[in-house]
Amino acid sequence: MLTTTPRSLARPDGRRVAIYDLTPHAPADAPVVLLCHPAPGSGRFDPDPTATAHAAVGQAHLVPPR
């Protein structure tokens, strides 16, 4: 499983949403699969890393604020 340091996005109410890029080496023009996780801290989970690698897609995970 690839894990990266999350980037964060500030919401208008001041809370921050974490964004994990689990496919940093995907081609820049690759389609992106966006997963939205219900629990803080769950953004590093790739359900099937082998399938992700073979699909040639980018994968980004949004995690709600704590």
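Q: What is a polar contact?

A: A polar contact is a pair of N or O atoms within 3.5 Å; within protein, one must be able to donate a hydrogen and the other to accept it, and residues adjacent in sequence count only if both atoms are side-chain atoms. This is a predicted model, in which local features need pLDDT of at least 70 and side-chain atom pairs count only at pLDDT 80 or more, while totals for chains, interfaces and linings use all residues. Residues are numbered from 1 along each chain as its sequence is written, and side-chain values use heavy atoms, with hydrogens and water left out.

Q: Which backbone atom lies 3.1 Å from a polar atom of the side chain of aspartate 46?

A: The backbone nitrogen of aspartate 48. The side chain of aspartate 46 also makes a polar contact of 3.1 Å with the side chain of threonine 52.

Q: Where does aspartate 46 sit, and is aspartate 46 buried or exposed?

A: Helices (H or I, at least four residues) and strands (E, at least two) are DSSP runs, numbered from the N terminus. Aspartate 46 is in the loop between E3 and H1. Buried means under 20% relative accessible area, exposed over 50%, and partly exposed in between (1.4 Å probe, protein chains only). Aspartate 46 counts as buried because its relative accessible area is 10%.

Q: In what order do the elements run?

A: From the N terminus, the order is β-β-β-α-β, with one helix and four strands in the protein.

Q: What should I make of the phi of alanine 56?

A: Most residues other than glycine have a negative phi. Alanine 56 is not a glycine, yet its phi is positive, about 55°. Alanine 56 belongs to the loop between helix H1 (49-55) and strand E4 (58-63). With a relative accessible area of 44%, alanine 56 is partly exposed.

Q: Which residues is alanine 26 in contact with, leaving aside its neighbours within four places in sequence?

A: Contact means heavy atoms within 4.5 Å. On that basis alanine 26 touches Val57 and Gly58. Alanine 26 lies in the loop between strand E2 (16-21) and strand E3 (32-36), and it is partly exposed because its relative accessibility is 24%.

Q: How many of the 66 residues are buried, as a percentage?

A: Buried residues make up 26% of them. Of the contacts with a separation of 6 or more, 62% join residues 24 or more positions apart.
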